[in-house]
Amino acid sequence: MNVKQSKDNSFPRLLTEGLWVVGNYYFNLYVLKGEQGSALIEAGVSAVVDRVVDQLKELAVSPTFLVMTHPHADHATGLQGLMERFPDALVVAGEGAVEFLAHPKTGPLMVAEDEHMSQFLGAEGFDHRRPPVQEPPSLHHALIAKDQDEMDLGGITMRFLNVGGHSPGTIAVHVAELSALMPADSLGFRFPGRGIVPLFFTSYPDYMDTLSRLAQFDAAILGIPHQGPLTGDDVQAAFSEAYDTARALRDEIVADTREPEELARDLFERYYRDELTMYTPSNILNCMRLVIRRARESAQ
């Protein structure tokens, strides 16, 4: 199936009054518009910035807030371009995001990943008008959202949730008035109709606790950041699949007696296909190493 042709023309798309999805098939950003303000949730990568700006013009939205859900490259490297285009917007990030982006190893890895994702999108036919980033975005003036902090946009309120298990500094966004939840990568990486790759990079127990916590909101709209969004019965089905898949992978890893590197390479061969090839092979191999480490830590 030609993914880019069948999906790209549906953006921007209205999900419910006051909420749109923008971006493209691979990178989904969410626009909230209230009576007094607006927010762009997710920042994507540099190669989607110009497309998102065009879509925001189409919606007549100039964001009051730019919300970076967590400091991984595929959610952060678009932020600088968005800040330059919307200099009056306030950036919102989670606790720990500033420190993560300031780590000496973050910059080179983020630059390499953004370049790869730009090349991937170009090969898929998604034109972009700016070069890849040369450094991580600055969060110098960012507002740091704590758990249960709220921002009123006028009839629509963003509630920030500090959630663990995937990345330091992750925030999910719940909008009760719209029964909408933007969970960042808390459910893993989704291959539509083909499964989910669990992404418990910092803690398996925290990852599972996050899934349980977010599922309790019983959202009608789930604004996942890749190959989404989901609505209706598909929301709870996604939570169930994410929970069961993560538990099954953890149990498989714990039962496997092979050395971590051999197992990591086997998992890489299993998962590195289709949409996941938007990331560098070295990135995904390292992700598998992290998943193995966290799974085995949970069994100690």
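Tutor: Two strands count as paired if DSSP finds at least two bridges between them. Strands (E, at least two residues) and helices (H or I, at least four) are DSSP runs, numbered from the N terminus. This is a predicted model, in which local features need pLDDT of at least 70, side-chain atom pairs count only at pLDDT 80 or more, and totals for chains, interfaces and linings use all residues. Residues are numbered from 1 along each chain as its sequence is written, and side-chain values use heavy atoms, with hydrogens and water left out.

Student: How do you know that S11 and S14 pair?

Tutor: Strand S11 (residues 180-182) and strand S14 (residues 221-222) share 2 bridges in the parallel sense, and at least two are required. Leucine 181 has leucine 222 of S14 as its bridge partner.

Student: What makes S8 and S15 edge strands?

Tutor: The open sheet has 6 strands in the order S8-S9-S10-S11-S14-S15, with mixed pairing. S8 (150-152) and S15 (230-231) each have a single partner strand, so one side of each is left without a neighbour in the sheet.

Student: Why is the pair of tyrosine 26 and phenylalanine 126 called edge-to-face?

Tutor: Rings of Phe, Tyr and Trp (its six-membered ring) pair if their centres lie within 6.5 Å; planes under 30 degrees apart count as stacked, over 60 as edge-to-face and the rest as tilted. The structure holds 8 aromatic pairs. In the pair of tyrosine 26 and phenylalanine 126, the centres are 5.9 Å apart and the planes stand at 90°, which is edge-to-face. Tyrosine 26 lies in the loop between S2 (19-23) and S3 (28-33), and phenylalanine 126 in the loop between H6 (106-123) and S7 (143-145), so the pair ties together parts that are 100 residues apart in sequence. Ring pairs link Tyr26 and Phe126 with Tyr25 and Phe120 into a cluster.

Student: Why are phenylalanine 268 and tyrosine 272 called stacked?

Tutor: Their ring centres are 4.8 Å apart and their planes are at 20°, so the pair is stacked.

Student: How do you know whether phenylalanine 268 is buried or exposed?

Tutor: Buried means under 20% relative accessible area, exposed over 50%, and partly exposed in between (1.4 Å probe, protein chains only). Phenylalanine 268 has 14%, so phenylalanine 268 is buried.

Student: What makes the charged end of arginine 273 sit over the ring of phenylalanine 191?

Tutor: The criterion is NZ of Lys or CZ of Arg within 6 Å of the ring centre and within 35 degrees of the ring normal. The charged end of arginine 273 sits over the ring of phenylalanine 191, 4.4 Å from its centre. Likewise, the charged end of arginine 13 sits over the ring of phenylalanine 11, 5.5 Å from its centre.
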